[in-house]
Amino acid sequence: MREVAASADATAKEQRRVASLVRRIADQREREIPWSSIIEKGTLTSSVELLGRGAHRLRTGASRVRRVAARGLLNEGLTTRQVGRRFGVSHQRISALLSSNPGDDR
């Protein structure tokens with residue numbers, strides 16, 4: 001879980017950088033700088049790459065937290081159906097979640 005928290009912190013820092021880059025793009029567009037010049041400078045590409053990396057990290061972290069919590073609830077005696085109800089998904093989705101990465105999440 002601490003790894004997920006560290007990943008969320010890194011993502012938040014990157015997203016602040018993205019916000020700054022996108023503001024710079026907006027400023028350039030307001031000054032009527034052509035898209036071709038903006039893209040050549042790499043600002044747009046950097047922004048898109050950072051957004052993609054952050055989205056991937058957040059999806060991975062969310063899955064890991066759900067998997068850890070689901071395992072914890074099962075260890076506490078809940079059934080996959082009960083866990084699914086708590087998460088708002090089917091028991092099949094819980095089973096798939098738990099089998100998708102059987103590693104030792106903590």
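This is a predicted model: local features need pLDDT of at least 70, side-chain atom pairs count only at pLDDT 80 or more; totals for chains, interfaces and linings use all residues.
**Entry 1: helix 1 against helix 3**

I looked up how helix 1, residues 2-30, sits against helix 3, residues 43-75. The angle between them is about 155°, and their axes are 9 Å apart. Angles over 145 degrees count as roughly antiparallel, and helix 1 and helix 3 are therefore roughly antiparallel to each other. The crossing of helix 1 past helix 3 is left-handed. I then sorted the residues of this contact by type: 11 are nonpolar, eight polar and seven charged.

**Entry 2: salt bridges**

How many salt bridges does a search of the whole structure find? I noted three.

I took the pair R64 and E3 to begin with; their closest N and O atoms are 2.9 Å apart. R64 is partly exposed at 25% relative accessible area, whereas E3 is exposed at 56%.

Next I checked E14 and R53, whose side chains form a salt bridge with an N to O distance of 3.5 Å. This pair also links distant parts of the chain, E14 lying in helix 1 and R53 in helix 3, 39 residues apart. E14 is buried, its relative accessible area being 16%. The cut-off for buried is under 20%. R53 has 44% and is partly exposed.

I also found E14 paired with R57, the closest N and O atoms being 2.7 Å apart. R57 is in helix 3 and E14 in helix 1, 43 residues apart. R57 is partly exposed, with a relative accessible area of 22%. Through shared partners, the salt bridges join E14, R53 and R57 into one network.

**Entry 3: E32**

I looked up E32 for its backbone: phi is positive, about 60°, although E32 is not a glycine. Where is E32 found? I located E32 in the loop between helix 1 and helix 2, the latter spanning 35-41. E32 is exposed, at 69% relative accessible area.

**Entry 4: L78**

I placed L78 in the loop between helix 3 and helix 4, the latter spanning 80-87. Is L78 buried or exposed? L78 counts as buried, with 17% relative accessibility. I listed its contacts, leaving aside neighbours within four places in sequence, and got L73, V83 and R86.

Note on methods
Residues are numbered from 1 along each chain as its sequence is written. Side-chain values use heavy atoms; hydrogens and water are left out. Axes are lines fitted to C-alpha atoms, for helices over the stretch in contact, and angles run from 0 to 180 degrees between N-to-C directions. Helices (H or I, at least four residues) and strands (E, at least two) are DSSP runs, numbered from the N terminus. Angles under 35 degrees count as roughly parallel, over 145 as roughly antiparallel, 65 to 115 as roughly perpendicular and the rest as oblique. A crossing is left-handed if the near helix is turned anticlockwise from the far one by less than a right angle, and right-handed if clockwise. Ala, Val, Leu, Ile, Met, Phe, Trp, Tyr, Cys and Pro count as nonpolar, Asp, Glu, Lys and Arg as charged, and the others, Gly among them, as polar. Buried means under 20% relative accessible area, exposed over 50%, partly exposed in between (1.4 Å probe, protein chains only). Contact means heavy atoms within 4.5 Å. A salt bridge is a side-chain nitrogen of Lys or Arg within 4 Å of a carboxyl oxygen of Asp or Glu.
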